[in-house]
Amino acid sequence: FLLFNWILNNSFLYYYIKMLKTLFKSLFAFSLFSSPLSFNPETHIKERIMSNYSASCLPKSDGINMELGIAFRSFNNIDQIEGTVESNIWLRYYWHDDRLKWNYTKSGINDLIYTTDPQIEQSIWTPDIYLYNTAEQPMSQLQYSRAIVYHTGDIIWSRPGIIVSTCDFDLQYFPYDIQTCSFKFGSWVYPKSSINLSIYSVPIDFSNYMENEGWVVTNSTYELEVKKYACCPEEYPAVIFNVTLLRKSGYYDINIVVPTFATATLMVISMLIPWNSGERISFAATVMLSIIVFLLILSDNLPKTDTKPLLSIMLVGLMFFSLGVVFFTVLITAMRNLDDDNVFMRLLDRWKNKKLKRTRSYSKAMALEKEKEKPYIERLSNYLEVVFTVLFVVAFSAFSITAVSLRPDHSS
């Protein structure tokens with residue numbers, strides 16, 4: 001009691017003891033804050049799991065079930081010449097790994113984020129899913145993004161990036177065509193007994209899709225293929241996503257179809273140019289060359305195959321029409337420029353006179369002589385011009401109507 005009274009009376013000692021008490025409290029609080037077991041349970045769970053974990057082994061030796069889905073963000077480049085499609089996708093994996101489970105009741109943590117990059121420590125096992133119909137290095141532009149691991153061992157891995165796949169283009173109705181491109185994904189090493197691949201409940205997701213300026217997505221399907229290849233005795237499953245694309249033909253209509261047919265109609269107008277102006281041949285030849293230029297522009301947008309696209313058939317048909325106009329114009333011009341001193345005219349007159357002496361009377365011969373004075377070849381050329389013009393207009397109209405009717409109707 002006396003010692004306690006002495007400490008209370010000694011203010012310096014009292015404050016010294018109080019300061020030590022505060023210091024001990026601070027050290028104790030700091031020790032609790034820095035303890036991983038008390039304030040950072042995620043680190044403790046990961047360290048405990050990864051202590052006996054191997055990312056090079058399957059989650060189960062007897063195989064796992066894996067679901068696969070895909071989300072399309074955009075189609076960056078659809079190249080019909082190379083036969084490739086460049087797509088921006090999110091490839092989604094769903095599987096279960098018992099080695100990554102932990103007690104949710106004790107930890108209170110529902111999920112953890114793990115890295116999937118095999119070059120980084122504490123990465124988890126990921127399936128070797130490849131794009132079978134790739135046009136470049138498979139999956140080289142897909143990111144090793146992080147995966148979400150739940151306390152039950154369920155794993156969701158959404159992998160974003162770019163893929164370049166091959167596509168078989170059918171250009172029969174180009175530029176009014178519909179193309180169906182496939183994306184085939186499967187494991188490269190693990191057979192069905194190791195990875196039983198299946199399709200996720202949401203197989204194809206277009207909720208974040210950005211429209212392409214040249215194509216419209218009209219349909220999408222999916223299928224599961226199990227195939228035995230010649231290399232291996234095992235069966236390998238693969239998920240195939242099919243996307244149907246409708247080409248927007250507005251560019252070709254405005255820049256090729258309409259200008260070409262408008263230019264082709266000038267062939268009919270060329271019939272109205274007077275013969276004595278001497279401009280018919282040059283005008284008809286200019287029209288033909290213009291159509292050939294449109295055909296060359298079109299050829300730059302098509303692969304070098306034996307396919308006969310609808311637009312190519314249209315332009316080639318118009319080219320032959322223009323060629324016929326040029327040929328007929330040259331023929332009529334030559335006929336109108338024949339005179340009486342021409343060799344052809346002298347042979348024609350000699351043949352007519354010889355025939356008259358054998359079959360007709362003198363009066364008829366005199367009538368024919370008078371008729372000879374008339375421009376016989378000119379009348380014949382006028383007759384041929386009328387006949388050709390009528391036939392050309394009818395044939396050109398029939399060709400135009402047929403070409404338009406061959407255009408497929410995709411409104412349904």
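Me: Which residues does Ile124 touch, leaving aside its neighbours within four places in sequence?
Reply: Ile124 is in contact with Met50, Tyr53, Ala55, Trp95, Leu100, Tyr114, Thr115, Thr116, Ala147, Val149 and Ile155. Keep in mind that this is a predicted model.

Me: OK, and how many residues are in the largest nonpolar core?
Reply: That core has 76 residues, and Ile124 and Phe185 are the ones with the most contacts inside it. Helix H9, residues 310-336, gives the most to this core, with eight residues.

Me: Let's zoom out. How many helices and strands does the chain have?
Reply: There are 12 helices and 10 strands. The chain has 412 residues, and 36% of them count as buried. Its accessible surface comes to about 25,000 Å², with 59% of that belonging to carbon and sulfur atoms.

Me: What share of the contacts between residues at least 6 apart joins residues at least 24 apart?
Reply: 75% of them do.

Me: Now charges. How many salt bridges does the structure hold?
Reply: Five. One of them pairs Lys184 with Glu225, with the closest N and O atoms 2.5 Å apart. That pair links distant parts of the chain: Lys184 is in strand E7 and Glu225 is in strand E9 (residues 215-228), 41 residues apart.

Me: Is Lys184 buried or exposed?
Reply: Lys184 is buried, at 16% relative accessible area.

Me: Which residue does Asp253 form a salt bridge with?
Reply: Arg407, and the closest N and O atoms are 3.8 Å apart. This pair also links distant parts of the chain, with Asp253 in helix H6 (residues 250-264) and Arg407 in the segment after helix H12 (376-405), 154 residues apart. Asp253 is buried, with a relative accessible area of 15%, while Arg407 is partly exposed at 39%.

Me: And what about Arg99, which residue is it bridged to?
Reply: Asp97, with the closest N and O atoms 3.2 Å apart. Asp97 is buried with a relative accessible area of 0%, and Arg99 is partly exposed at 25%.

Me: Switching to Arg159. Where is it found?
Reply: Arg159 is in strand E6, residues 154-166. Arg159 is buried yet has no salt bridge, and the nearest side chain of opposite charge, Asp117, is 8.4 Å away.

Me: Hmm, what lies 3.1 Å from a polar atom of the Arg159 side chain, then?
Reply: The backbone oxygen of Gln143. Leaving aside neighbours within four places in sequence, the contacts of Arg159 include Trp90, Tyr93, Met139 and Tyr144.

Me: Met139, OK. What's its phi?
Reply: Positive, about 65 degrees, although Met139 is not a glycine. Most residues other than glycine have a negative phi. Met139 lies in the loop between E4 and strand E5 (147-150) and counts as buried, at 9% relative accessibility.

Me: What about Gln122, what's the phi there?
Reply: Gln122 also has a positive phi, about 60 degrees, and is not a glycine. Gln122 sits in the loop between strand E3 (111-114) and strand E4 (129-131) and is partly exposed, with a relative accessible area of 42%.

Me: Last one. Which residues does the cis peptide bond join?
Reply: Phe174 and Pro175, with omega about 5 degrees. Pro175 is in the loop between E6 and strand E7 (178-187).

Terms used:
Residues are numbered from 1 along each chain as its sequence is written. This is a predicted model: local features need pLDDT of at least 70, side-chain atom pairs count only at pLDDT 80 or more; totals for chains, interfaces and linings use all residues. Side-chain values use heavy atoms; hydrogens and water are left out. A nonpolar core is a set of buried Ala, Val, Leu, Ile, Met, Phe, Trp, Tyr and Cys residues joined through side-chain atoms within 4.5 Å. Buried means under 20% relative accessible area, exposed over 50%, partly exposed in between (1.4 Å probe, protein chains only). Helices (H or I, at least four residues) and strands (E, at least two) are DSSP runs, numbered from the N terminus. Contact means heavy atoms within 4.5 Å. Accessible areas come from the Shrake-Rupley method with a 1.4 Å probe; for residues, only the protein chains shown count as cover. Lys and Arg count as positive and Asp and Glu as negative; His and the chain ends are not counted. A salt bridge is a side-chain nitrogen of Lys or Arg within 4 Å of a carboxyl oxygen of Asp or Glu. A polar contact is a pair of N or O atoms within 3.5 Å; within protein, one must be able to donate a hydrogen and the other to accept it, and residues adjacent in sequence count only if both atoms are side-chain atoms.
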